[in-house]
Amino acid sequence: MTSGAEPLVLEYRGGHLENVHYGHVCGVEETGRIAYHAGDPEWVTFMRSAAKPIQAIPFFLEGFDDRFGFTSEEQAIMMASHRALPYHVEALEGMMNKLGLDEQSLVCKPTYPLDADARDALVAERKPQRRIYHNCSGKHLGVLSYCIGMGYPLEDYYTADHPAQKRITSIAAELSECPVEDIRIGTDGCGFPVFGMPLRNMALAFLKLACPDLIEDERLRQAVVKVTSLMNKYPTMISADYLICPNLLMDDNIVAKGGAKGIYCFALKKERLAFALKVTDGSEDEWPIAVASILEQIGYGNKDTISRMYKIGSPDIRNDNGLVIGENRSVFTLR
């Protein structure tokens, strides 16, 4: 067990406990006070792709959403961990054509789509891997667009010392209230810098994404509104309809984004609450049932949203034949 972590979700098979998923949860309210927690709310971990809404902000901050002729869908995919479904690929190719870039401009490696059907169709047709199939390629094209708009070099756009990445880090620090010097910088799978900080600070950043009136800088506030509005209006651009992000984002009251290795962040606009949770074994399967439990424990009013969580992250464990052979059970209590 990771120090300070608490059991979040238990997995039972044949009535016997098979797996215990430990983790941490931190919920903050609009004053920045920790309102709810399980485990260690100050646990330090990396945001990974949960930072994508923040990484897209400089593009909108400079007003470049009116410069390149991108469609709303093309702008939304900048915040995505997409699955390279046909409509994702169409948006990505549209961006490249408008920017005059080819795929070699992207540092992320060629791969096949994360969506199994999309991958299998390409393999069956003997089509090659592509960089834009990488789930982070929308983020990369967004930052490359920002670099073009600012006149920055493109060759090293992914390095921590590049002015585009420094701007992103400064915005992350401002929204999270974690000083730049305290943010731990690692490298993500796609090649971008990633931010390490306490869960409390991640929750604070998402609180401001959901409640931009808490942001003093007017230009930054308006950029945040553009980012989150696109996420809510085009939720399936963010991933796929069978995954958690679109099923939360279709609730206009929620801003949400997850990242690799078990990190998930979401915020509630009307309730002015934000949560960051970390499953310490890195699993993502527990997200829906854990988020549903949080929403139930705080008395969240939109029952349809909670129902969608249980639909995509069913408490029932089924085998390959579709038979129920066990259950997932959320066991943590917010304090």
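Which residue's side chain does Glu74 meet in a salt bridge? The legends below take up this pair and other close-up views of the model, which is predicted.

**View 1. A salt bridge joins Glu74 and Lys98.** The partner of Glu74 is Lys98, and the N to O distance between the two side chains is 2.8 Å. Glu74 belongs to helix α2 and Lys98 to helix α3 (residues 86–99), so that the bridge links distant parts of the chain, 24 residues apart. Glu74 is buried, at 6% relative accessible area. Lys98, at 37%, is partly exposed.

**View 2. Glu42 and Arg200 form a salt bridge.** Their side chains meet at 2.8 Å, N to O. Because Glu42 sits in the loop between β3 (34–38) and β4 (44–46) while Arg200 is part of helix α7 (residues 199–210), the pair ties together parts that are 158 residues apart in sequence. Glu42 counts as partly exposed, with 34% relative accessibility. Arg200 also counts as partly exposed, with 24%.

**View 3. Asp65 and Lys226 are paired in a salt bridge.** The N to O distance here is 3.2 Å. Asp65 is found in the loop between α1 (52–61) and α2 (72–76), and Lys226 in helix α8 (residues 218–233); this pair links distant parts of the chain, 161 residues apart. Asp65 has a relative accessible area of 13% and is therefore buried, the limit being under 20%. Lys226 counts as partly exposed at 33% relative accessibility.

**View 4. Glu30, Asp213 and Arg272 belong to one salt-bridge network.** The three residues are joined by salt bridges that share partners. In total, the structure holds 17 salt bridges.

**View 5. Helices α1 and α6 pack against each other.** The axes of α1 and helix α6 (residues 163–176) are 8 Å apart, and the packing angle is about 110 degrees. The two helices are therefore roughly perpendicular to each other, a class that spans 65 to 115 degrees. On the α1 side, the contact involves Ile54, Gln55, Ile57, Pro58 and Leu61. These meet Arg167, Ile168, Ile171, Ala172 and Leu175 of α6. By class, the contact of α1 with α6 comprises 8 nonpolar residues, 1 polar and 1 charged.

**View 6. Helix α11 is largely enclosed by the rest of the structure.** Of the 11 residues of α11 (residues 287–297), 9 are buried, which is why the helix is described as largely enclosed. The buried residues are Trp287, Pro288, Ile289, Ala290, Val291, Ala292, Ser293, Ile294 and Leu295. After α11 comes Gly299, which has a positive phi, near 75 degrees.

**View 7. Helices α11 and α12 cross at roughly 155 degrees.** The axes of α11 and helix α12 (residues 303–312) come within 8 Å. The angle makes α11 roughly antiparallel to α12, since values over 145 degrees fall in that class. The crossing of α11 and α12 is left-handed. From α11, the contact is made by Pro288, Ile289, Val291, Ala292, Ser293, Leu295 and Glu296. From α12, Thr305, Ile306, Met309, Tyr310 and Ile312 take part. The residues in the contact of α11 with α12 divide into 9 nonpolar, 2 polar and 1 charged.

Key:
Residues are numbered from 1 along each chain as its sequence is written. This is a predicted model: local features need pLDDT of at least 70, side-chain atom pairs count only at pLDDT 80 or more; totals for chains, interfaces and linings use all residues. Side-chain values use heavy atoms; hydrogens and water are left out. A salt bridge is a side-chain nitrogen of Lys or Arg within 4 Å of a carboxyl oxygen of Asp or Glu. Helices (H or I, at least four residues) and strands (E, at least two) are DSSP runs, numbered from the N terminus. Buried means under 20% relative accessible area, exposed over 50%, partly exposed in between (1.4 Å probe, protein chains only). Axes are lines fitted to C-alpha atoms, for helices over the stretch in contact, and angles run from 0 to 180 degrees between N-to-C directions. Angles under 35 degrees count as roughly parallel, over 145 as roughly antiparallel, 65 to 115 as roughly perpendicular and the rest as oblique. Contact means heavy atoms within 4.5 Å. Ala, Val, Leu, Ile, Met, Phe, Trp, Tyr, Cys and Pro count as nonpolar, Asp, Glu, Lys and Arg as charged, and the others, Gly among them, as polar. A crossing is left-handed if the near helix is turned anticlockwise from the far one by less than a right angle, and right-handed if clockwise.
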